[in-house]
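Have the model open while you read.

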Amino acid sequence: MQFNSSLTQLERLPLTTDLTPEPTPDDGGIDREALEAPFAKQSVGTFTGEGSNGQRTNSVAIQKSEELRQTMLSHRQERQILILQDFPDPDALSSAWAYQLIAQQYDIKCEIIYAGTLSHQENIALVKLTGLPAQRCPLQNLKSKDLSSYQGFVLIDNQGTTSQLVPVVEQAGIPLVAVIDHHSSQGDLKSEFVDIRPGVRATATIFTQYLQTGLLPLDSTINQHVKCATALMHGLRSDTNLLMQAKEEDFLAAAYLSRFYDVQLLNAILQANRSKRVMDVIERSLKNRIVQNNFSIAGVGYLRYDDRDAIPQAADFLVTEENVHTAVVYGIVHDEDDEFEVVIGSLRTTKLTLDPDEFIKEAFGQDSSGRFFGGGRTSAGGFEIPMGFLSGGNENSAYAKMKWEVFDAQIKQKLLRLVNPRDNPIQSE
């Protein structure tokens with residue numbers, strides 16, 4: 001209720017100019033001539049803010065929108081793959097949908113794929129209730145797929161470090177067309193279009209700005225537009241902690257979306273219940289946690305691939321404990337079909353001076369190719385460490401226990417080296 005009340009107030013913000021052009025009835029609300037019109041001719045009143053910082057930020061949004069328009073114009077009638085992180089969140093899912101709808105205006109066909117699974121109850125509800133067109137594509141499926149019909153791939157809300165699908169499309173010779181993300185830079189990217197803005201709290205905010213500049217004029221009479229706006233509002237809301245960590249750009253984006261999104265549909269998404277398996281993982285994190293210097297660290301052992309999103313939910317729960325400002329929860333996620341295992345971890349913090357991106361990168365470093373094992377944004381972060389040769393082989397319970405104990409000790413050692421440099425979780429005899 002507080003959220004909806006805030007949106008009502010946001011809707012009253014002084015948006016001096018309505019950038020949405022009049023839709024034409026014959027083409028589903030799309031003004032084809034507007035696609036060719038230079039952005040310099042469009043009014044930018046919606047983005048006008050007070051002070052020099054606001055002007056700088058607004059000019060970046062307009063410039064990037066124009067660059068994306070030119071990029072799409074040069075890729076008309078092509079097919080592209082939109083790759084999300086292996087376990088996409090609402091911000092990634094909604095932003096990818098917005099990209100797909102924008103691309104349709106340029107006769108570009110896009111497929112939204114991810115390698116992992118949707119296990120968070122809100123993510124499942126988001127996809128089912130809105131009909132969001134994202135599909136799971138396990139690694140083996142993509143390897144066996146004919147990729148010759150695709151002319152490019154796009155990374156949304158990630159930079160390729162959290163998806164096992166990226167090396168496959170790169171090996172197939174498919175060029176990287178666009179990278180759009182709000183996380184800190186993970187390294188040099190050879191992409192035709194790059195829009196990475198760590199100062200923006202959600203990728204959904206970036207895409208909402210694209211919509212405001214006319215790349216896709218939203219129409220509240222078009223059901224698909226309403227559902228996409230609802231998804232973007234959910235993505236923006238989730239990545240800004242109910243707008244409490246939002247910046248001016250995020251608030252303006254929420255105000256714009258408030259004209260189009262479906263309140264009842266969003267409430268239905270948010271009311272999805274936690275599963276028993278998620279509650280079991282939270283219970284395990286409570287039982288196994290250690291607390292030092294206001295950090296709560298918990299290993300939860302082995303999890304099924306489908307239960308991966310229980311880890312961030314457990315971290316969300318642990319950080320609410322009294323005298324705890326940062327929680328890290330991790331476990332070994334096992335895919336029985338592909339005998340694939342990876343250490344997955346999530347960090348949540350309420351400490352303003354702790355940068356999750358820097359903390360995780362310093363704790364776990366990089367792989368042999370120079371890619372970091374994880375990163376973060378304001379108040380949250382995550383890491384994924386492939387187990388490679390040690391994957392699988394857990395039929396022997398004694399071996400499985402020993403393997404977990406080794407990884408558990410190593411992760412704690414790396415974390416506690418930063419939390420309390422004097423502490424050593426591996427005690428010498």
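A disulfide here is a pair of cysteine sulfur atoms within 2.5 Å. Searching the whole structure with that cut-off turns up 0 disulfides. C110 counts as buried at 10% relative accessibility, and C137 is buried with a relative accessible area of 10% (buried is under 20% relative accessible area, exposed over 50%, partly exposed in between, with a 1.4 Å probe and protein chains only).

Some ground rules: this is a predicted model, where local features need pLDDT of at least 70 and side-chain atom pairs count only at pLDDT 80 or more, while totals for chains, interfaces and linings use all residues. Residues are numbered from 1 along each chain as its sequence is written, and side-chain values use heavy atoms, with hydrogens and water left out.

Now the rings. Phe, Tyr and Trp rings (the six-membered one for Trp) pair if their centres lie within 6.5 Å; planes under 30 degrees apart are stacked, over 60 edge-to-face, and the rest tilted. That rule gives 7 aromatic pairs, including these two:

| Pair | Type | Centre to centre | Angle between planes |
|---|---|---|---|
| Y99 and F207 | edge-to-face | 6.4 Å | 75° |
| F295 and F359 | stacked | 5.7 Å | 20° |

Helices (H or I, at least four residues) and strands (E, at least two) are DSSP runs, numbered from the N terminus. Y99 sits in helix α4 (residues 90-104) and F207 in helix α8 (residues 203-212), so their pair ties together parts 108 residues apart in sequence. Y99 and F207 are both buried, and together with Y210 they make up one aromatic cluster.

F295 belongs to strand β8 (residues 295-304) and F359 to helix α14 (residues 356-364), so this pair links parts 64 residues apart in sequence. F295 is buried at 8% relative accessible area, and F359 is buried at 10%.

Last, a pocket: on a 1 Å grid over the protein atoms alone, an open set of points where a 1.4 Å probe fits, with protein on both sides within 12 Å along at least five of seven lines; lining residues have an atom within 4 Å of a point. The second largest pocket is lined by 19 residues, with T161, S163, Q164, E384 and P386 nearest its centre. Elements giving two or more residues to that lining are β10 (340-349) and β12 (380-386).
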